[in-house]
Amino acid sequence: MESAARRRQLPGAAGGPGAQPGAFFLQARHSSLKADEADRTAPFHFDLWFYFTLQNWVLDFGRPIAMLVFPLQWFPLNKPSVGDYFHMAYNIITPFLLLKLIERSPRTLPRSVVYISIITFIMGASIHLVGDSVNHRLLFSGYQHHLSVRENPIIKNLKPETLIDSFELLYYYDEYLGHCLWYIPFFLILFMYFSGCFTACKEQSFMPGPALLLVVPSGLYYWYLVTEGQIFILFIFTFFAMLALVLHQKRRCLFLDSNGFFLLYSFTFTLSLVVIWVAWLWNDPVLRKKYPGVIYVPEPWAFYTLHVSSRP
């Protein structure tokens, strides 16, 4: 009993007086780190957002356009097109810019989740590269994007019929598996970065002029991404998660910084464009047949092959 009493009086014993300063020190240090992360505010990353928006427009949106513009003699159908080289550059530059964006986050983000997301992003974008390359090259043979694979005139009469299954598998890799592995980690990384875009100083919660200049081209690109990639559910889930996080942080007296405002305003503009796009094509019977169900968001390239390229 005496030895037990002496152990209770030792400075380092659990529950003894000496444990309180140590526990208090660790708790204070943890609180100071949290406060330090909240107090740190990153300036608006105009250089990264500008490069990010520019390469999205040139290497992603401009990819199929460049394929149609450059002469076919320069890039034969049995070789990669200029759009494929654009896609290869996109698969390298975009992960690099995402990593640089994460590096500049005022908040320390989980590295394992970031690395796995980047690896999955590259794998999905690479799968999409192959499937999209073949699907877009089929345009020169009369393939029509507004029709399903089996309804396309150049495919429905193929013999043996198992070849049609192969083209449907290619379409699955392009439009479903590739898009999921590409876009889910992409929006996850943007949301993780957004979660660190908060400041305790209300005076620093504003949108600078350069950020406003990039909102329109950035939001317009995300409209193309959401509609052509058929990822409206993923986009709207991310958007509402961002709004919920803003409301939660506001209760803790934390406010969005300039980078957070840029992302939120870009996504808001994107949602407005998607609503206008869907309302405009709401009564199109051909597109309605290709996109049945509650979520009706036609692809721009399906609209192009139906209403633009088919004109005499």
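**A walk through a predicted helical model**

Hi everyone, let's start with residues 85-102: the span is 100% helix and 0% strand, and its end C-alpha atoms lie 26 Å apart. Helices here are DSSP runs of H or I with at least four residues, strands are runs of E with at least two, and both are numbered from the N terminus. Before going on, please keep in mind that this is a predicted model, where local features need pLDDT of at least 70 and side-chain atom pairs count only at pLDDT 80 or more, while totals for chains, interfaces and linings use all residues. Residues are numbered from 1 along each chain as its sequence is written, and side-chain values use heavy atoms, leaving out hydrogens and water.

Our opening span is one of those that an unreviewed UniProt entry annotates as "transmembrane region"; such annotations may be inferred rather than shown by experiment, and positions are given in the numbering used here, with feature names shortened. Residues 48-73 are also in that record. Their span is 85% helix and 0% strand, with end C-alpha atoms 36 Å apart.

Now for the inside. Which residues have the most contacts inside the largest nonpolar core? They are Trp49, Phe186 and Phe267, in a core of 64 residues. A nonpolar core is a set of buried Ala, Val, Leu, Ile, Met, Phe, Trp, Tyr and Cys residues joined through side-chain atoms within 4.5 Å, and buried means under 20% relative accessible area, with exposed over 50% and partly exposed in between (1.4 Å probe, protein chains only). Helix H9 gives the most to this core, with 10 residues.

Take Phe267 as an example. Leaving aside neighbours within four places in sequence, Phe267 is in contact (heavy atoms within 4.5 Å) with residues including Phe187, Leu190, Tyr222 and Met242.

Next, helix H11, residues 300-308. Its buried residues are Pro300, Trp301, Ala302, Phe303, Thr305 and Leu306. What covers them includes helices H3, H5, H7, H9 and H10.

What about the cysteines? If a disulfide is a pair of cysteine sulfur atoms within 2.5 Å, the count comes to zero. Cys180 is partly exposed, at 43% relative accessible area, and Cys201 is partly exposed too, at 29%.

That's my tour, so please look at the structure above and send me your questions!
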